[in-house]
Amino acid sequence: MNDLAVESANEVSVKELTLENRLEIIGEGLRKKHLSRLTEMEIAPVGEMLPLEEDLIDNVRMYHITEMVYEKGESVTDKFTTVFNTLSTYNATVFIVMESDGRKSSFYVGVRNNESDIAKKRSTVTLGDTLKNALIGHFPGIKITNVDREQIAILSDKINVQQNMASVSVIGNIRNPKDLQNEQFTQGLEKLALAMQGRQYIVLIVAENQPPQAVQIMRKEYQDLYTKLSPLQKVQTSDLCLAISDY
């Protein structure tokens, strides 16, 4: 009897969801609105973490890029996509760090090994060499040097002491045919460096690799979402507002 009562209550709560409620729920997921309310949420426990130095030695490889050479008008975006795709089969994260003291900007690129299973874990040295060699192969003339763990630790400490932080979550989008030209499609990191010229800042850009199974599940969820929303594409709603005056 109690089970039936619970089921009935669940059915009622689902039926009571209005169109506005459903659109709001969808907007929360797609637009990541929860990021603006992080201060209102409870902090989840981090759990056991490796000491910073041990983690850097075992899982992180980073490189300092001081010069890049490419022909005017060539698709740099496609080249970077190919470079990062070389690590797509591994449980790894590619990241970019831009750091400036207000006078000079530095540009770093690196990879983090996320595999915790020792039996499946690939060598972090191999991941780093793969990233470095792919960059050299696609950008002949690039000047790239290894960053040791002491320099990485210094950068990490600079991030920890920042007083103001902002977080942005981005979902990759499909390019339109009219946007295939590189200069029309991309706003390069050099534009960001110019916009922040004269200011002290650190930018951390993380590209987290997703396993094929997760991508398939995400695609299926978006397809289901499209199927549920498609009947509403011609639905119009309006609110009636009444003004009451005192005589």
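The legends below describe close-up views of aromatic rings in a predicted model.

**View 1. The aromatic cluster of Phe 80, Phe 84 and Phe 139.** Two aromatic pairs are present in the structure. Through these ring pairs, Phe 80, Phe 84 and Phe 139 are linked into a cluster. A pair of aromatic rings is described by the distance of the centres and the angle of the planes.

**View 2. The pair of Phe 80 and Phe 84 within helix H4.** Helix H4 spans residues 76–85 and contains both Phe 80 and Phe 84. The two residues are four positions apart, about one turn of the helix. Their rings form a tilted pair, with 5.9 Å centre to centre and 35° between the planes. Phe 80 is partly exposed, at a relative accessible area of 21%. Phe 84 is likewise partly exposed, at 25%.

**View 3. The pair of Phe 80 and Phe 139.** The ring centres of Phe 80 and Phe 139 are 5.0 Å apart and their planes lie at 40°, so this pair is tilted. Phe 80 belongs to helix H4, whereas Phe 139 is in the loop between helix H5 (124–138) and strand E4 (143–147). The pair therefore ties together parts that are 59 residues apart in sequence.

**View 4. The surroundings of Phe 139.** Phe 139 has a relative accessible area of 0% and is therefore buried, the cut-off for this class being under 20%. Lys 79 lies over the face of the Phe 139 ring, at 5.5 Å from the ring centre.

Conventions:
Residues are numbered from 1 along each chain as its sequence is written. This is a predicted model: local features need pLDDT of at least 70, side-chain atom pairs count only at pLDDT 80 or more; totals for chains, interfaces and linings use all residues. Side-chain values use heavy atoms; hydrogens and water are left out. Rings of Phe, Tyr and Trp (its six-membered ring) pair if their centres lie within 6.5 Å; planes under 30 degrees apart count as stacked, over 60 as edge-to-face and the rest as tilted. Buried means under 20% relative accessible area, exposed over 50%, partly exposed in between (1.4 Å probe, protein chains only). A charge sits over a ring if NZ of Lys or CZ of Arg is within 6 Å of the ring centre and within 35 degrees of the ring normal.
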